[in-house]
2 protein chains.
Amino acid sequence: MTRGLGGALLLLLAGCAQQPLRGTGDLGVVIERADARVAVVDTSARAIVASIGGLGDLSHASVVFSRDGRHAYVFGRDGGLSRLDLLRQQVVNRVVQAGNSIGGAISQDGRLVVAQNYEPGGIKVFDAETLELLADIPAEYGSEGKRSKVVGLADLPGNRFVYSLFDAGEIWVADLSSPRQPKLTKFRDIGKQPYDALVTPNGRYYLAGLFGEDGIALLDLWRPELGVRRILAGYGRGEQPLPVYKMPHLRGWSIAGNRAYLPAIGRHEVLVVDTTSWQEVGRIPVKGQPVFVMARPDGRQVWVNFAFPDYDQVQVIDTLEERIIQTLAPGKAVLHMEFTPRGEAVWISARDANRVAIYDTASLQLIGELPASSPSGIFFTARAARIGF
Amino acid sequence: MTRGLGGALLLLLAGCAQQPLRGTGDLGVVIERADARVAVVDTSARAIVASIGGLGDLSHASVVFSRDGRHAYVFGRDGGLSRLDLLRQQVVNRVVQAGNSIGGAISQDGRLVVAQNYEPGGIKVFDAETLELLADIPAEYGSEGKRSKVVGLADLPGNRFVYSLFDAGEIWVADLSSPRQPKLTKFRDIGKQPYDALVTPNGRYYLAGLFGEDGIALLDLWRPELGVRRILAGYGRGEQPLPVYKMPHLRGWSIAGNRAYLPAIGRHEVLVVDTTSWQEVGRIPVKGQPVFVMARPDGRQVWVNFAFPDYDQVQVIDTLEERIIQTLAPGKAVLHMEFTPRGEAVWISARDANRVAIYDTASLQLIGELPASSPSGIFFTARAARIGF
């Protein structure tokens, strides 16, 4: 009887031996790429609150969040898609959905998670709750039905997604309002080898950077009848191609006010582009080949990290003065940066220093450091409330 | 012994008989003004999950959220400031901090909550965790030390706040980096009777609408040395003043891309303003006197509600076509609207219909209705991640 009661007690306690209640608006994850795990972090306490492992190959991993901020979807390089519960601090669900994948996105209403795959080339659409496969959309092109790698996937209003076909030189828009009956709109001959892309924070413009030729392909999603046009002929590898040590990334964070700040491929420059005319209006010389060029949420600063051999440094651009105001050394092999939702701080991963460095963006002073094993991507839950993240 | 064990069991269970774990990114509150309470809502389930009462006079109430999304700060008309726990669904802390108050704001880092007061005129700064008073900044002006009503309070990057003095015709910026030693910057003679204000979503421009004369006072917070200038001489009551049934509200939600959509005071018009030149570039005729003019988060639509007698209707403007595409009738006495974080839906309070109506913003169809007692303001936790909300 005592044992029975004790057993019942243990069972009851186990049932409620859960994590304490807490809000999810200040949570995030840091990819620890060498250990197949993520650190769950709290941006208010500036602390690591948990570690969740068993996530497969996390080189080039990316993360999106459920609209309540409780669940993180981790897209691994090996095609693994894992749904993590940040409150119970465990993997809830995991599928290996492709052989080689480079990320994903979540629909405006939070009900669909989409993976963009290299192999087999295409996108796959999953129920965000169960990870049930709802649609498999191969990126077939040409007369022989070859399949292209997919890059530059972004969510759009109306449960639509836009992405680029690297091998085909095409941009596709998938309307997933009825996820089992996707409606595709294809834009062909947009340029050679789109390698990454961004959608502006309002979901209107899609910019695909071209690796195989100079320039960027621009699609006005509010006026798709105008088709894709070419901008920034001087953007790409240009007249004097330089060796490229690491491909830059493009995302909506490049936009600050009426300006886009874009990493020039191979050059030691950040391009300044007017988002009304889409003309280049300036270039800012920087320390090395830019990889991430990210605007602080208020747009007053742009932070830049670099490819090898300048990858231990980060530079800060003042967008009003259009000049570099600070050069920081967060540690060897800076791979990623993430601003807190309203931008008072930025978290920077230094892979080979095995730490995350936290800076105050007003004083530009280091205000915290967290140990992490080969950290790469850093992702905060506020992304759930944003278009194109 | 059995009773002892039972007691211990009950105690343990009480300790864990808490609400289940849940994310806070899809929570919000609806003010039920007649009953001194708020409904806690879930925007994923489109449901009311709890009711929290005892909040005093909630006419003209407003709400901000802690950076984790767990706590709501409710500013009541009677000067009550209540801190609610949305997970435990109860009032955690409450102070009556003024005789007559019209709202508040939360600092960029989430550590300070500031109330703007009519009586006694000024702002008060509280510790967001404890509601301890950290600073009391009277809005004194002129040689006799009179106190002005404070309006148009907004948070700025750098733990600063900007607000207007209705009676004094001044704009003040309070730097609360050291909250017990506020640093004030005062801009005088900005115009007569600023009645409300907004800061653009990037925290750069502060616009105070003037009731006592025509136009808007504009302050570029990135270049405060330029001082306050006057824009939109035709904005206000103008040559032919009309009776004003309800003062319109100004907030950052009026900005869509490079355009601001502002309610003309007394007129049946929405003004379209270029945010680069700050010149009026158009007027859109609408059904009645606009009160809230709110851009969908992607800026493609602007939704407008009206003062009496047109307050049972809402109109939707397409910002690309610059025309009204729909007129809806959500119910009598529409008082407020709130978009879901990425804008797929909008929640509308119809006070005299005692309900909240939920519309899909793509189809413009009614997709849900919730009962509420005289609902007014609707506030979702994603505001915590935004500047100027």
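Predicted model: local features only at pLDDT ≥ 70, side-chain atom pairs only at ≥ 80, totals over all residues.
**Backbone geometry**

In chain A, the bond that runs from Phe308(A) to Pro309(A) is cis, and its omega is near 5°. Pro309(A) belongs to the loop that connects strand E27 (301-306) with strand E28 (314-318) of chain A. In chain B, the bond from Glu119(B) to Pro120(B) is cis, with omega near -5°. Here the proline, Pro120(B), is in the loop between strand E9 (112-119) and strand E10 (122-127) of chain B.

Glu322(A) is found in the loop between E28 and strand E29 (323-328) of chain A. Its relative accessibility is 34%, so Glu322(A) counts as partly exposed. Gln193(B) is in the loop between strand E17 (183-187) and strand E18 (194-199) of chain B. With a relative accessibility of 31%, Gln193(B) also counts as partly exposed.

**A four-stranded sheet in chain B**

Chain B contains an open sheet of four strands in the order E3-E2-E1-E34, with antiparallel pairing. Its edge strands are E3 (47-52) and E34 (375-380) of chain B, each of which pairs on one side only. From one strand to the next, the twist averages 25°. Strands of a sheet pair through backbone hydrogen bonds, in either a parallel or an antiparallel manner. Strand E2 (residues 37-42) of chain B is joined to E3(B) by five bridges, and the two run antiparallel. Within E3(B), Ala50(B) is the residue that stands opposite Val40(B).

**Aromatic rings**

Over all chains, a search of the whole structure finds 14 aromatic pairs. One of them is formed by Trp303(A) and Phe339(A): the ring centres are 6.1 Å apart and the planes are at 85°, so the pair is edge-to-face. Trp303(A) is in strand E27 of chain A and Phe339(A) in strand E30 (residues 334-339) of chain A, so the pair ties together parts that are 36 residues apart in sequence. Trp303(A) is buried, at a relative accessible area of 0%. Phe339(A), at 9% relative accessibility, counts as buried as well. Together with Tyr359(A), Trp303(A) and Phe339(A) form one aromatic cluster.

| Charged residue | Ring | Distance from ring centre |
|---|---|---|
| Arg300(A) | Trp222(B) | 5.0 Å |
| Lys186(B) | Trp172(B) | 4.2 Å |

The ring under Arg300(A) is that of a chain B residue, Trp222(B).

Is Gln301(B) buried or exposed? Its relative accessibility is 6%, which is under the 20% limit, so Gln301(B) counts as buried. The residue lies in strand E27 (residues 301-306) of chain B. Its side chain makes a polar contact of 2.9 Å with the side chain of Trp303(B). Which residues are in contact with Gln301(B), leaving aside its neighbours within four places in sequence? They are Met294(B), Ala295(B), Arg296(B), Val316(B), Ile317(B), Thr319(B), Ile325(B), Thr361(B) and Leu364(B).

Technical notes
Residues numbered from 1 in each chain as written. Chains lettered and ligands numbered in written order. Heavy atoms only, no water. Buried < 20%, exposed > 50% of the residue type's maximum accessible area, 1.4 Å probe, protein only. Pairing = 2+ DSSP bridges. Axes fitted to C-alpha atoms, helices over the stretch in contact; angles between N-to-C directions. Phe/Tyr/Trp six-rings, centres within 6.5 Å; stacked < 30°, edge-to-face > 60°. Lys NZ or Arg CZ within 6 Å of the ring centre and 35° of its normal. Polar contact = N/O pair within 3.5 Å; in protein donor to acceptor, adjacent residues only side chain to side chain. Contact = heavy atoms within 4.5 Å.
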